[in-house]
Amino acid sequence: MASTSDIRDKLRQKRRAFQESLVRVRDDTQALVSMAMDVNRDSAMEDLAGEEEPAETLRRSLKAQRQRRKKKLLEEMAVEESQTGADEEEMEDGEEEEDVETSAVEEVSEVQSIQQSRGRSETEPETESEAAARSFTRSSRDLPPLPMSRPSSSISESSMRQRMREKLRAARSKAESLLQQEVPVEPASRLQSLRDRDTLTRFDRETEPELRHVPDGDSSEILGKVKFREAVRRVRIDAQREAGIPTGEEAYNFFTFNFDPEPEEEPSKRRKKRRPKSEQAEGGQEEEGEGEGEEEPEEQEREVEREPAREDDEEEEEERDEEAALVRDGEEDLFLIEQSSQDFLEVRKAEYIGYNRRVQRESELLFTPSVRTVPASNKLPDNMQPRYLEEEGLYVGERPVVSLTNENILENRILRQDQATKWFGDDGRIIVLPDPIKESSTRPPLFHVEGDLDPSLQTVYRKAIKSKYAKRYMPGVGDTQGDYQLDVDVAGLIFSHHGLFSREHVLGARLAQLYDQHLSRQHKNLTRLLTDKLSGLRNTIRNMLELHGGQGLSEITQQRIAEYKQEVKITRQMRDAEQEKDRALLKNIVKVWKEIKALREFQRFTNTPFKLYLRREEVDRASDEREHEAEILAEVSELQAESWEDYEKKVTEYKQQNEEWKTWKKKQKAMKKKKKKKQQSQDEEEDEVEEESEEELGEEPTKPDPPEEPDLDAVERQVREKAARIRRKPGEPILVPELTASSNITPNEQCPRAEFGRRQDVLKRSLFVKVLYNDKEVSRTDSRALTADFRVHFGQIFNLKIINWPESIKLQVYETVGSSTTQLAEVFVPVPEPSILTGSATSEQLEFSSNQRVTFNHEGVGSDVPFSFEADGSNRLTLLTSGKLSCCVSWAIGEDDIPLAPPMTHASAGINSGIMQMDAIACIGASGLNDMKKLGKWAAESRLDPNDPNNASIMQLLSVVSGGEVTVPDYFRLEQLQEEFNFLSDEELDRSRRFRLLRLRTQEVAEFRGYKFVPTLEREVSEKVFQDYEKRLRDGEIVDTKEHLDAHRALVAKYLQKVRESVVNRFLIAKHHFLLSDVVLEEEVPTIGVLGLNLFKLAEPKRPLKPRRKERKKVTAQNLSDGDIKLLLNIIRAYDIPIRKPQASKPSVASKSTRSVTETFTTGHSSQTAMQGTDWPFNQVLVRPFVEVTFQRTVLQTSTAEGPNPCWNEEILLSFSAPNGDYSTTSLQSVKDEVFINIFDEVVYEISEAERERERGGLYAHVERHWLGCVKIPFSTIYRQSRIDGTFKVEMPPVLLGYTKENHLVSDGGYDIVRNLTEGAFITLFITIEPQLVPGETIREKMKDVKFDTEEDERVLLASEFFEKDAMQRFPDRPCLTTVIDINGKTVFITRYIRPLNPPQELLDASPNNPQETMELVARYVSLIPSLPDSVSFAGVCDLWSTCNQFLTLLAGDEEEHAVLLCNYFLSMGKKAWLIIGTAIPEGLTAYVLTYEQSRYLIWNPSNGQYYGQYDTFCPLQTIGCLINADNIWFNIQMYDAPMRISFDVTKSKFWKPFFSRAFSYPGLSSVQPEELVYRRTDKAAATELQDRIEKILREKIMEWRPRHPTRWNRYCSSTLRHFLPKLELSGGRDVAEEHRLELQSLLGEYRISGFPLHLPFSEIQPIIEAVYSTGVHKVEMSNVEFALAVYVHPYPNNVLSVRVYLASLIRTR
Amino acid sequence: MASSNPSVFLLMINGQIEGGNFPEYDDLYCKYCFVYGHDWAPTSGLEEGISQITCKSRESHKLIWNFPLDITFKSTNPFGWPQIVVSVYGPDVFANDVVRGYGATHIPFTPGKHTRTIPMFVPESTSRLQKLTSWLMGRRPEFTDPKVVAQGEGREVTRVRSQGFVTLQFNIVTKDLKKLGYDTTPGSSEAPPITGLSGTDQPYTL
């Protein structure tokens, strides 16, 4: 062949060139060459040469290397030749080589010649510079040997090397068959064709070279040889590839490209370049046909100088292929002589090994494994296909993740070791254990008690995320990730049977069906598949048998063969079945077609367009027959083998059985003999023995029949029979049916009537399809007419935007005939997988059928009706309407190509999802997990792999379940462990007194708040503890009329209680609301003003003598206990104490004349002087007052002073104890105790002689004290104000018997200041709490944070907030009120309370001519309504403002309510009136009423009905904060706030800041007050009854208070007093005194009377008793004392009651 | 009270406030007080105390008070188990006495010797300006009542800054606690000790 000669020539040429170069080298540096073997020497040489020109040096060094290498090669070649390998290939190689050249050198040169081109390609563009050459050397060295330098174009595919090697093998086998000796240079076309060859062949041989490594490993020589051979082979590959693939463009690149010396890039570039060069080479070969061709173009391009360099490159190439171990001592001997001579002469420099050199050297010692993928064939034993256990269905654990590169490196490394294959599994991969890392940790989490937890290990709390999938709704619907859409495409439907089918249609449908079946079968071509499989299996068995030569079959192999055989048998049977089916189908098709044809013939018209053609395919009869025969023979042989096997088995079985039988026989015989003996000897035991023997022998085994030998002929006969039946006969043409719809349908007019009717009927029909999603109809198709071929085309796509999870998609087919619509069928469409999208989904044919019975009287065959094709009606058929609906359901694709499908994980929600099979929860539902049975069922159904560790937990669970039944409760509990966690059962908790106590305490129930020492033991809790509480609970329901005396009051009290409770509840919530200031004490940021002031103060001169007031330290209430708090009273002085009046025997007449009509009890002073003369000389009026202070039942008194204007200046210290010892702010605020400051007159009576004698004791004087007046100050006021300092008016009874005012000036009536000055007695007090308590103001402020409901306009509220804040800033001590809270807890603007309201008519009628009197009366009426401070009732929570009608209904209220009512009355009376919000003594923050009267302003105290002029010094009102009327609020912005010093002209904006101004006009707020008050007349009888009751109670009380003395009642006096009281009431407490005195004249003569009427508004009985007690009348201890008591209750409208109690003590003077 | 049938149990606390670690401050003294529930009452010993002022030595930067605690409580109910509240004060730059830390811890439940290190904190000023002025005026924000730190209520309105540590040592003796059915010793009870207890044993670890 041409190629052979080519090669030979080329080789020869090469050799020549090589030799030339050798010679040249020798000429140049003979010495160097001679010692070239040692690497060290090389370097030394280079060093020497370094003095010469670099290029020269390089050349020389390279040459030296080349020499060395050449020697190696030589040696290898020798070894190669000497080796007598068993391997054919090797032999072949050897032969080849020998054939080409007997000289090994030549062989090498050949190698070079082939390789040089590559070498050139690498170095050609480089200059001769040493560096370049070196870098190339390095690059080639760095990389693994040859194959590495040509990386595969893609990692995934097998490496180029492998591919090439495989190709090589293929080529070689081909060459072998073609008896070609010269393989390497093959024409490209041939190679390409080889490339496509079947891979099976190459697998047969591929592993041979690799296998040889293993046994030869220890011999380095052989190893080297082997490697050499590989190198040679690689060279060949190169050659082949070079011949194979290049393109012209690449060739150009090859010559022009400047190679980068960088090693990293080298491979890829080289890969690119490889091809062009090889193509060029190939081109050269083909064109010139001679070896010269390869070199010539190169030489043309290169300078001559480069020739050696090229050769160097060639050497490099060579070297690359060699192994470092090839260096041999033997070679060195060759040049020993030169070497030694050189050695001795040499003067060496310090050795330095260059990097490249070192790398080079190291590469000889080190092995760098390749990162290329190792072909599977290398890793498997010979002749083995990779076997994938996983595909066979066995569980293979997940492999741990190892990067592909690492795996490749490892595999390459392993392959170099001994017995490398043992590291690889059947699948050609490294044997690994499954990934041991579990996804979930099995160790319980460790809680570090000790802390020291690494911060990175700290658990981070994440808020629980609500599972999106918990609900049936699709996730994310409505939000961005958005909507899901199902596209339901209803394409159309085809009826496979319909009632309107004619007979021909039936047949046609059947034909079509058969044909479809045929097509699908042909498409699947199972027969072919099975046949192929069968032959494959047979081949395998044969191969296996051949391989082992029928001997030494291992156990496994035998078993496998048996398995294969079994499989062959099964496959054959399957194939036979398929073939039979094919055949039958074909026959059927033909038969049906014949029937159709007959029918058409018979009925003379054509209904269906079907037409069947049978296409004949002629076959080559001879080959066909051969194949057929071969097949039959194969089968026969197999069957025979099988039957032989079977037979042998049977034979062995038979033998065994026979053996058994024989032994049994023997035994029996022996037994019988024995028996006989026994019978002879011992008859009696016969029976037993019989039985015994019987037992021993057991049943007689049947004598086995020898198995029949298999009838081989019969087998063959059977096979042939079968073949004839199911197979095409040899030579018979292949029949291919083709169904077309090409035949013409007979037009209607040519049809008979029946057929015409049928056709007409068909036209009437129309169909539509309803689409039901989750059983809800979502849409329906248009109605389409049924066509004659019973196809309906809809072609409609419905886009369903879905929110619910798809559960079912149903299509209902409806047929409409005329107006009636019937449902034909229902088709369920599976919910598509999320991956099925609209574009890619294929249309599905869904079959449906209907069991509707339809009959026709025309040609239509009907449905569910028997009919027959035969004329005689036999062979009846019943067909049901059925058909195929073609539709397609898929997930839509959004505009931006985003599938509108739920995420993949939800696929399990679909009913038919395959995932469900694997996911237990999805399959049986989460709740089903509790049901062990279901779980077990599921596990059984899904055939879990028990070896899979993933399933271990389920398996374990199942084993437990199957072992012991776990009882699962059939009810559902959300918190099934709740009971376990309960501390006690609820009943027990209720029963236990201790727990009840604890609970009540926690709930802060008043009785138990702060309860100490709840006993440990149940028995120590007495029932008594709860008595009060339970009583209170009971009282809440039952109205105790006894205590309240009055049903109405009781109801009111109850109502109040309820209001209080609700407010307290609200308060309790507010109490737990903390402000920063409650918790943290912080200095206020000083304002500029304060700072400036402080600075100014600094500059102030020091005045050490100026006393400074030091702030007392405030004490928080928490850390206080009993006795810590003292109440400090400083009683300084009093004014205008009434003076005693001597007992007058006759009334003074003169006094009457001086008395003015409007005067109060200021009469009688003129007469006094006259009368006093008798007892006291100098007409001196004497009074010896002292003050007694009562607080919490502690009584202390001052010393006695003298005169009507006494000055005590005494300090009284009272200790205070809080209720329950609770000193919290709340508790202190709710203290209801009052401080009573009573003024008494100490009277000393000298006992007369007569008495003294009578008594005979040493008592000479009797001290009596007479009550003069009283001041009551509630503790809450003291607490809130923390300091009360001022002069208070002493409450005095209008009539004080025996006393009179000392000096009074006659006033001229009206609103006289002077009169006011003298009206009563006054006392100057200073009261404070020691230590100072932090007042509970904070709570009040806190309430502002508690938002109350409101109906006010937001604007108004904002404005009011601003207004109040502004006021607070400018004048912090002036109260400002804009909004208040009404009794329902709503915020109400304050002006809404002001509205003119009518006072009771009878009050107006009382003195119609005197408006002033009326006003007083009205004020009195208002004051008669009992006062009940909010702060007391509601524990200082807040002011609750009730409206006037509420106030009148409740008959209890604060100052505010009184003031509002009074103000409203005044307004209705046509007065100008305002509400004053200010502070007064002693009430503190309060409300008064201001009226404008006769150019004067009057200030009314609504609580007691008193009024004061603006300039009244004793007016209790101290500051005025704001004025309120019905349409505005004015805040006082004047400099002063005392009423005396301010102007009340609200129009002056300089003085008053209005709330509603021009900027913010009054919006016209409607009033909360009723339009008019309705009063009901008080029941007089009830008042009288009440009067009696009070009197009775008081009588009893007084007697009770005097336990050691008899209490005598003076009836006469009592009746007189009782008579007097109504008058007193009528006169308003004035100007009756004189008459009264006259009335008492008779008594006064005999008795010394001291007594006074008390006047109280009625609310409850208790205050009356208290008041009476506080006067101390009962304390008179003289034996001859008598008492007089009168009570009068005066009813005012609306049940306002004025109670007057007249109490007097009488002492008989004579 | 028969000893066989006790109705109260006693908790005796011996120990000391060993010292504190306030790296930035010196010349500090501390106060302590006990906070306990309604069912508790001290039977003997001091409920409140104030220590000497101590300075840091050059070597050790710890403040040592060694201030003894000795108190006995009686109680019927472990609810409201006493807590000790320690507050530390000292002069600032202008020699104003300001608070340097508040801290509280429960008295240990179990008899034996316990050492506790309480982290201390002080309330923060509400604003920078406040901070400046409070610094200038020597009136740092304080709790109205040091006992606030022993309660949870109302703490949400405050902001605090941690500042130093105080170490306390307790020797606890209880009487009749077990007889009343409260077993706080971990070893003797049949059931394993509640892990929560061990949690409260170390309210804070560094």
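Predicted model: local features only at pLDDT ≥ 70, side-chain atom pairs only at ≥ 80, totals over all residues.
**Notebook: a look around chains A and B**

I started with B:Asp27, which is partly exposed at a relative accessible area of 30%. My cut-offs here are under 20% relative accessible area for buried, over 50% for exposed and partly exposed in between, with a 1.4 Å probe and protein chains only. Residues are numbered from 1 along each chain as its sequence is written, with chains lettered from A and ligands numbered from 1 in the order in which they are written.

**Two aspartates in chain B**

I checked the backbone of B:Asp27 next: its phi is near 60°, a positive value in a residue other than glycine. B:Asp27 sits in the loop between β1 (9-21) and β2 (29-35) of chain B. Helices (H or I, at least four residues) and strands (E, at least two) are DSSP runs, numbered from the N terminus.

I found B:Asp176 in the loop between β10 (160-175) and α2 (195-201) of chain B. Is B:Asp176 buried or exposed? B:Asp176 counts as buried, at 10% relative accessibility.

**Chain A overall**

I noted 58 helices and 41 strands in chain A. Of its 1710 residues, 46% are buried. I also looked at contacts (heavy atoms within 4.5 Å). Among those in chain A between residues at least 6 apart in sequence, 75% join residues at least 24 apart.

Then I looked up pLDDT, the predictor's confidence in each residue, from 0 to 100. Chain A averages 69, and 60% of the residues score at least 70. Over residues 80-158 of chain A the pLDDT stays under 50, and the model has 200 contacts beyond four places in sequence for them. Residues 261-327 of chain A are below 50 too, with 179 contacts in the model beyond near neighbours in sequence.

I picked α28, residues 753-764 of chain A. Its 12 residues should span 16 Å at 1.5 Å a residue, and the end C-alpha atoms are 17 Å apart, which agrees. The expected span is 1.5 Å times one less than the number of residues. In α28(A) I found A:Glu755, A:Arg758, A:Arg759, A:Asp761 and A:Val762 buried. Seen down the axis, the buried residues fall within an arc of 155°, so they line one face of the helix. That arc is taken from the directions from the helix axis to the C-beta atoms. What do they pack against? Their partners are α22 (503-524) and β4 (765-773) of chain A. On the other side of α28(A), A:Arg753, A:Leu763 and A:Lys764 are exposed.

In α58(A), residues 1661-1671, the buried residues include A:Ile1661, A:Ala1667 and A:Thr1671. A:Gly1672 follows α58(A), and its phi is positive, near 70°.

**Where A meets B**

I counted 39 residues of chain B in contact with 32 residues of chain A. The two chains bury about 2,800 Å² between them, 56% of it on carbon and sulfur atoms. Buried area is the accessible area (1.4 Å probe) that two parts lose on being put together, summed over both. In chain B, B:His38, B:Thr144 and B:Glu153 lose the most area to chain A, together 21% of what that side buries.

How many salt bridges link chain B and chain A? I got 1, a salt bridge being a side-chain nitrogen of Lys or Arg within 4 Å of a carboxyl oxygen of Asp or Glu. A:Arg1001 forms a salt bridge with B:Asp39, and the closest N and O atoms are 2.5 Å apart.

Conventions
Heavy atoms only, no water.
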